[in-house]
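These are my notebook entries on a structure that I went through one topic at a time.

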Amino acid sequence: MASNETAENERELANVKLYDRAGAYIPRVAAVHDLCGYGKCSLGVAIPVLSAAGCDVCPVPTGLFSSHTAFPGWYMHDTTAMLRDYLDAWRGIGVDIDAVYSGFLGAPEQVDVILNLYETYPDALRVVDPVMADHGKIYPTYTPELCDAMAHLACSADILTPNLTEAAIILGEPIGESWGGVNIDDAEAHRMVNALLERGAKHVVLKGVQRGDGVIRNFVGGRELPIVEVHNDYVDYMLHGTGDVYASCLLAAVMAGQGIADAAQFAGEFVLASMEVSAQQPDFRDRGVNFESLLGRVTKLLR
Ligand SMILES: Nc1ncnc2c1ncn2[C@@H]1O[C@H](COP(=O)(O)OP(=O)(O)O)[C@@H](O)[C@H]1O
Ligand SMILES: Cc1ncc(COP(=O)(O)O)c(C=O)c1O
């Protein structure tokens, strides 16, 4: 468990007025992600996880997919054209928002929509999971323009949660060839976290550092926070949707009052437990990450 959380870091996150709610206040999170009909990820993960943490989750769908894009023949409906009217209608009825949590985007213009949300809700916590790529490969719907726009958005995040490939894209650096497996050392992880902080992100959780030693490491840093490593046991298979489970659990823990490093530890352990439960299911690689039976752990964050 990370031990060197600083009071300063707690104060910085506490700016968003959520953390003395003692279970009574129901924070409202705008969840700006796609909706997948099949293959658990994105809104299909963010809504149950954050709801289990006592949040009111308001979806802003960035696309409608038949399945996530790892399945062949997926169909996508781009929702960009409706988003401004959709959010104007929220303004019209005085919806207030405590956190803007974005993930998979459908088009570069959607970044402007999110920046607009930041302007409308200046006190809201800005959480950017810069979903673009994994294991050295960019997702098929991500054009260079969309990657550039995501990199721009990343600079405004209060909490930014890239994997190594996404961090390289944001930093305009080459993608490492071995990033599907054993990858970077501490010095390189610290360099990347610091470079992302210098670009403007207030807190960074750099995910998925592997050394072939049975654990998977995440590096957590903040402008006022020394970089700490948190890790969890590694299981030797991958499932789609775990990145969304991770970011949603991290935010759930932050909304429940945890500091960023403790929240990162909670999220990693939750993903690991979900992956272990998933592996008991038939066809688990296709069915995706199974987290539903573990949601009680998220609710316990509130006690
Ligand atoms: N195979 C695994 N074994 C254990 N933990 C994992 C594994 N894959 C992912 N995790 C946990 O989930 C976090 C997010 O990883 P991942 O799901 O690969 O994110 P992304 O999809 O954004 O690359 C990791 O940093 C780690 O804590
Ligand atoms: C449509 C869609 N949304 C979200 C994701 C993110 O999945 P993950 O949580 O594995 O990063 C993907 C990845 O394939 C996807 O295709």
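Which residues are exposed on the other side of α7? I looked this up in what is a predicted model, and found that A187 and E198 are the exposed residues there.

**Entry on helix α7**

I then turned to the buried residues of α7, which include A189, M192, V193 and L196. They cover an arc of only 95 degrees around the axis, which puts them on the same side of α7. When I asked what the buried residues of α7 pack against, I listed β8 (159–160), α6 (164–171), β9, β10 and β11 (225–233).

I also checked the length of α7, which runs over residues 186–198. At 1.5 Å a residue its 13 residues should span 18 Å, and the end C-alpha atoms are 18 Å apart, which agrees. After α7 comes G200, and I noted that its phi is positive, near 130 degrees.

**Entry on ligand 1**

For ligand 1 I found 17 residues around it, of which N163, K207, T242, G243 and G268 come nearest. The elements that give two or more residues to this shell are β9 (203–210), β10 (215–222), α8 and α9 (260–278), and α9 gives the most, with four residues. Sorting the shell around ligand 1 by class, I recorded eight nonpolar, seven polar and two charged residues.

**Entry on ligand 2**

Ligand 2 is surrounded by 17 residues, and the closest are H68, T69, F104, G243 and D244. Here the elements that give two or more residues to the shell are β1 (28–38) and α8 (242–255), with the largest share, three residues, coming from α8. By class I recorded seven nonpolar, seven polar and three charged residues around ligand 2. Going back over both lists, I saw that G243 is named among the nearest residues for ligand 1 and also among the closest for ligand 2.

**Entry on Y38**

Last, I looked at Y38, which has its place in strand β1. Is Y38 buried, exposed or partly exposed? Y38 counts as partly exposed, because it has 14 C-beta neighbours inside 10 Å. Leaving aside residues up to four places away in sequence, I found that Y38 touches S66 and S67. I also noted the pair Y38 and D286, which are 248 residues apart in sequence and 9.6 Å apart in space, taken from C-alpha to C-alpha.

Conventions:
Residues are numbered from 1 along each chain as its sequence is written. Chains are lettered from A and ligands numbered from 1 in the order in which they are written. This is a predicted model: local features need pLDDT of at least 70, side-chain atom pairs count only at pLDDT 80 or more; totals for chains, interfaces and linings use all residues. A residue is near a molecule or strand if its C-beta atom, placed from the backbone, lies within 6 Å of it. Ala, Val, Leu, Ile, Met, Phe, Trp, Tyr, Cys and Pro count as nonpolar, Asp, Glu, Lys and Arg as charged, and the others, Gly among them, as polar. The expected span of a helix is 1.5 Å times one less than its number of residues. A residue is buried if 20 or more other C-beta atoms lie within 10 Å of its own, exposed if 12 or fewer, and partly exposed in between; C-beta atoms are placed from the backbone. The arc is that of the directions from the helix axis to the C-beta atoms. Two residues are in contact if their C-beta atoms, placed from the backbone, lie within 7 Å.
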